[in-house]
Amino acid sequence: MLDLKNFEIAKILHEISIYQDMKGEMFKPRAYEKAALYIESLTDDLGTIYKKGGIKALMQLPGIGRSIAEKLVELIQTDELIYYERLKR
């Protein structure tokens, strides 16, 4: 597990929302933006939350569904997100 900070994770989710909006997605951009805003406001480290409770703990956070939680796990574990990298291209 690496050490991305909450604000760094939130920045990635925010950028994903922008790229999805550019692609004409209808609802996904807002979901990613809401998740980014919530993660930014967290006082606990997202990596610590994941370490304590796994993906289920992430999915219990407001605005975090399975799809976003899976992406958060990838970010927490690898410091990368393939989905994000593909969107940027």
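Buried means under 20% relative accessible area, exposed over 50%, and partly exposed in between, with a 1.4 Å probe and protein chains only. This is a predicted model, where local features need pLDDT of at least 70, side-chain atom pairs count only at pLDDT 80 or more, and totals for chains, interfaces and linings use all residues. Residues are numbered from 1 along each chain as its sequence is written, and side-chain values use heavy atoms, with hydrogens and water left out.

**Exercise 1.** Classify Glu-15 as buried or exposed, and find the partner of its side chain.

Solution. 
- Step 1: Glu-15 lies in helix 1. Helices (H or I, at least four residues) are DSSP runs, numbered from the N terminus.
- Step 2: Take the relative accessible area of Glu-15, 18%. Glu-15 is therefore buried.
- Step 3: Look for a partner. The side chain of Glu-15 makes a polar contact with the side chain of Tyr-84, at 2.3 Å. A polar contact is a pair of N or O atoms within 3.5 Å; within protein, one must be able to donate a hydrogen and the other to accept it, and residues adjacent in sequence count only if both atoms are side-chain atoms.

**Exercise 2.** Describe how helix 1 packs against helix 2.

Solution. 
- Step 1: Get the geometry. The angle is about 165°, and the axes are 8 Å apart. Helix 2 covers residues 28-41.
- Step 2: Name the arrangement. Helix 1 and helix 2 are therefore roughly antiparallel (over 145 degrees).
- Step 3: The crossing of helix 1 and helix 2 is left-handed.
- Step 4: List the contact. Helix 1 brings residues including Ile-9, Leu-13 and Gln-20, and helix 2 brings residues including Tyr-32, Ala-36 and Ile-39.
- Step 5: Sort the residues of this contact. Nine are nonpolar, four polar and four charged.

**Exercise 3.** Describe how helix 1 meets helix 4.

Solution. 
- Step 1: Helix 1 spans residues 6-22 and helix 4 spans residues 66-78. Their axes come within 12 Å and cross at roughly 135°.
- Step 2: Helix 1 and helix 4 are therefore oblique to each other.
- Step 3: Their crossing is right-handed.
- Step 4: Ile-9, Ile-12 and Leu-13 of helix 1 meet Leu-72, Leu-75 and Ile-76 of helix 4. Contact means heavy atoms within 4.5 Å.
- Step 5: The contact of helix 1 with helix 4 has six nonpolar residues, no polar and no charged.

Technical notes:
Axes are lines fitted to C-alpha atoms, for helices over the stretch in contact, and angles run from 0 to 180 degrees between N-to-C directions. Helices (H or I, at least four residues) and strands (E, at least two) are DSSP runs, numbered from the N terminus. Angles under 35 degrees count as roughly parallel, over 145 as roughly antiparallel, 65 to 115 as roughly perpendicular and the rest as oblique. A crossing is left-handed if the near helix is turned anticlockwise from the far one by less than a right angle, and right-handed if clockwise. Ala, Val, Leu, Ile, Met, Phe, Trp, Tyr, Cys and Pro count as nonpolar, Asp, Glu, Lys and Arg as charged, and the others, Gly among them, as polar.
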